[in-house]
Amino acid sequence: MSTSTPSQPQPQPRPITILYGSETGTSEDLANELGRMLERCRFQPTVLPMNALDASTLPEHKTVVFVVSTAGQGDLPANALVFWKYLLRKNLLKDWLSGTKVTSFGCGDSSYVNYNWAAKKVRARLRQLGAQELMVHAEGDDQDDGGVDSLFIEWAKVLCDKLLQLFPLPPGVEVMPEDATIPPKWTLQPASTDSTLHPAPAGVSTFDFSLRPNSITATITKNERVTPETHFQDVRLFELSLSKPTVYTPGDTVSVLPRNPTTAVDAFLTLQPHLAPYADSPLELKPTPYLIANYPPELRPLPLVEPGKFFTLRDLLTNILDITAIPRRSFFQFLADYAEDPMHKDRLLQFSNPQYTEDLWNYTLRPRRTLLETLEDFNAVKLPLDALVNPYFPVIKPRLFSVSSSPFGNELPPPGAKPATETPASDKLELLVAIVKYKTKLSRPRIGLCSNYLASLPPNTPLNIVISHPATQSFIPKDPTLPILAIAPGTGVAPIRALIWHRLHTNPSTKTTLIFGNRNRSSDFFFHSELEMLASKSLIKLYTIFSRDPKPLLPDGTADTTKPEVGYVQKLISGKAWRDVYDNLVNGGVFYLCGSSGAMPKGVREAVGKVVMGGGGGGISYEQAEKVVNGLGKGGRWVQETW
Ligand SMILES: Cc1cc2nc3c(=O)[nH]c(=O)nc-3n(C[C@H](O)[C@H](O)[C@H](O)COP(=O)(O)OP(=O)(O)OC[C@H]3O[C@@H](n4cnc5c(N)ncnc54)[C@H](O)[C@@H]3O)c2cc1C
Ligand SMILES: Cc1cc2nc3c(=O)[nH]c(=O)nc-3n(C[C@H](O)[C@H](O)[C@H](O)COP(=O)(O)O)c2cc1C
């Protein structure tokens, strides 16, 4: 293993601030990856969520890179909103940022009408405030092969070159070679005997991994499978009892931080047997001399775990390190540092080289190869303890789940009751969760980390959760008397069910239409009894369609049109539900699109576009219709939550 060259003169600090806005961790990962690339170029990058920087100090930062995802309905992620609010202040002068060079990268999904809006808004505002763009802004798309990564890595490389031109290295100092190790910033060591716990007993932790800012403790009171045991798809209804009555509204999400299963933790320790002796003894984090020498305290990257607290390696592997994740490109470069076999090292470096992106995807994304399997393949890699707490190692990200219940409950208000004007607090909450289990192209079984973690929790298990309201725009229409039409296949029905019950108690006379689809009517028509009951009382209008039910045929082999159609929700939009979709368009109604990301949202948008075309009597082109649909987003009439 080669290390960075300590004999080189220490260059003057060349700080770069990297600010990210991230809801589910993608921008955070990319910002960290850029940080590592810049560190190789001997810059001192500070990677922070936007809210962690006091926005009033932005002019003091001379070079700032923004990596911003779009969340909600074209909004900035919650961890960027405080910063963003400051940036929008009217009293900021046009030259406020004239001394700051900036650039930005957006992460978005082109299946949303508000594609990459957050990054666009940030860029426009920075320019308004006089910031100079040091490099062209770019936008990554989840829908691209390889996701946002493919463009990002190209963009980041050009950015590094550009920054090296702007801030050349001092004479005699070179960019760190690809095979050199970036010095670690934190070390993980057996807890010292002069610590408060003296001597620290085996297995003891003083760090509480379950505590997160704004979290509350809930108790799982129900974990009920709602699809038949014989059906391949396991979907659960979870009921959580909250420690205190809480007001939550439709569109709120519950964030759950999953844990790795014991089998995965044991597998890691088997693959890295030299680390097994540390599994159950107390460890602590300490800053390295490199960190102290190179980073002034205000620019120091945050450690994974608060220094001064004890935890065991098993704790770290269970609660923090994402050992079943699909590794990113930078992880291969990191592994190469510790590969004792030159052939393994070469292969790992090849995967980390953007020129071999196809090879990387063939190895990771396409077969969904996990970090553990990668360690199994590259068994010449021997990770030192310190390596586990440096920012190359992926960390477990919390997952979000839409609240599927309403504090009003799922009982109709008594006859003659006045519509409620306020949402009550409730100590119960429900989630509808699809348990992710699938086979890869190589027929290897895979399970989703969080959904399976939840599925494994029996009733009465405490669960640490964070309940969040949509950061800016409300999920409930601004004008609650407007009609709504929700297209919500699969578990996408979860937030819509909450909205339906909310409306039944607050605005019972407004029109609500639901278009629901899934695979089989008999096994995955979620909440069917209550939805059919509401439809039978004309309290909602309900359309359903199932894609894997047998096609209804007459004895002569022709379609039996008296029976329910088979197909996807798009078929209903352009067929049986056409009139309601059209009415919702012309009557100023709000559209909801919830459920899985990928092909569904695009197909639905196209189908709604065709309704616009048809409604225009044939005089409207598809492009014009698309503009109408995109315009719905701008007017708050298209609410999309797809995951
Ligand atoms: C705002 C929001 C609301 C959400 N609400 C809900 C909800 O109400 N109910 C719900 O169930 N989920 C919901 N989700 C999704 C949820 O957050 C998790 O993403 C989901 O449960 C999977 O997490 P996991 O940890 O189990 O799987 P992970 O370990 O994260 O693995 C999931 C990944 O596995 C891959 N994958 C899954 N299936 C296949 C397959 N068949 N073939 C190939 N690859 C596959 C995909 O890449 C997917 O991204 C919501 C997400 C968001 C952002
Ligand atoms: C609830 C939700 C809302 C989203 N809204 C938008 C949007 O309005 N426009 C867009 O381009 N992408 C949108 N996306 C896609 C994300 O921006 C994209 O997946 C991004 O890579 C996530 O980055 P993050 O993990 O850093 O939050 C949304 C994703 C989710 C889950």
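This is a predicted model: local features need pLDDT of at least 70, side-chain atom pairs count only at pLDDT 80 or more; totals for chains, interfaces and linings use all residues.
I start with the division into domains. The domain assignment gives domain 1 as residues 2-181 and domain 3 as 260-389. Domain 4 covers 484-642. Domain 2 is written in pieces, namely 216-245, 399-422 and 429-468.

Next, the interface of domain 2 and domain 4. Their C-alpha centres are 23 Å apart. On the domain 2 side 25 residues are in contact with domain 4, and on the domain 4 side the number is 25. In general, the size of an interface is often quoted as the accessible area that is lost when the parts come together. For domain 2 and domain 4 that area is about 1900 Å², and carbon and sulfur atoms give 66% of it. On the subject of salt bridges, the side chains of Glu430 and Arg497 form one, with 2.6 Å from N to O.

Now to strand E23, residues 638-642. Of its 5 residues, 5 are buried. As a general point, side chains in a regular strand alternate between the two faces of the sheet. In E23, Trp638, Gln640 and Thr642 point one way. Val639 and Glu641 point the other way, and both sets are buried. The strand has a parallel pairing with E22, residues 590-595, over 5 bridges. Within that pairing, Gly595 has Thr642 of E23 as its bridge partner.

Strand E12, residues 253-256, is also covered on both faces. Thr253 and Ser255 are on one side, Val254 and Val256 are on the other, and all are buried. Which strands does E12 pair with? One is E14, residues 399-402, in the antiparallel sense over 4 bridges. There, Thr253 is opposite Ser402. Another is E18, residues 462-468, again antiparallel and over 4 bridges. In E18, Ile465 is the bridge partner of Val256.

Is Leu19 buried or exposed? Leu19 counts as buried because its relative accessibility is 0%, and the cut-off for buried is under 20%. Setting aside neighbours within four places in sequence, its contacts include Leu48, Met50, Leu53 and Leu58. Val64, Val65, Phe66, Val67 and Phe83 are also in contact with Leu19. Ile153 is 134 residues away from Leu19 along the chain, and the C-alpha atoms of the two are 17 Å apart.

Last, the cysteines. How many disulfides does a search of the whole structure find? The search finds 0. Take Cys107, which is in no disulfide: the nearest cysteine sulfur belongs to Cys160 and is 16 Å away. For a disulfide the two sulfur atoms would have to be within 2.5 Å. Cys107 is buried, at a relative accessible area of 5%. Cys450 is in no disulfide either, and the nearest cysteine sulfur, that of Cys594, is 19 Å away. With a relative accessibility of 2%, Cys450 is likewise counted as buried.

Conventions: Residues are numbered from 1 along each chain as its sequence is written. Chains are lettered from A and ligands numbered from 1 in the order in which they are written. Side-chain values use heavy atoms; hydrogens and water are left out. Buried means under 20% relative accessible area, exposed over 50%, partly exposed in between (1.4 Å probe, protein chains only). Helices (H or I, at least four residues) and strands (E, at least two) are DSSP runs, numbered from the N terminus. Two strands pair if DSSP finds at least two bridges between them. Domain bounds come from an automatic or database domain assignment. Contact means heavy atoms within 4.5 Å. Buried area is the accessible area (1.4 Å probe) that two parts lose on being put together, summed over both. A salt bridge is a side-chain nitrogen of Lys or Arg within 4 Å of a carboxyl oxygen of Asp or Glu.
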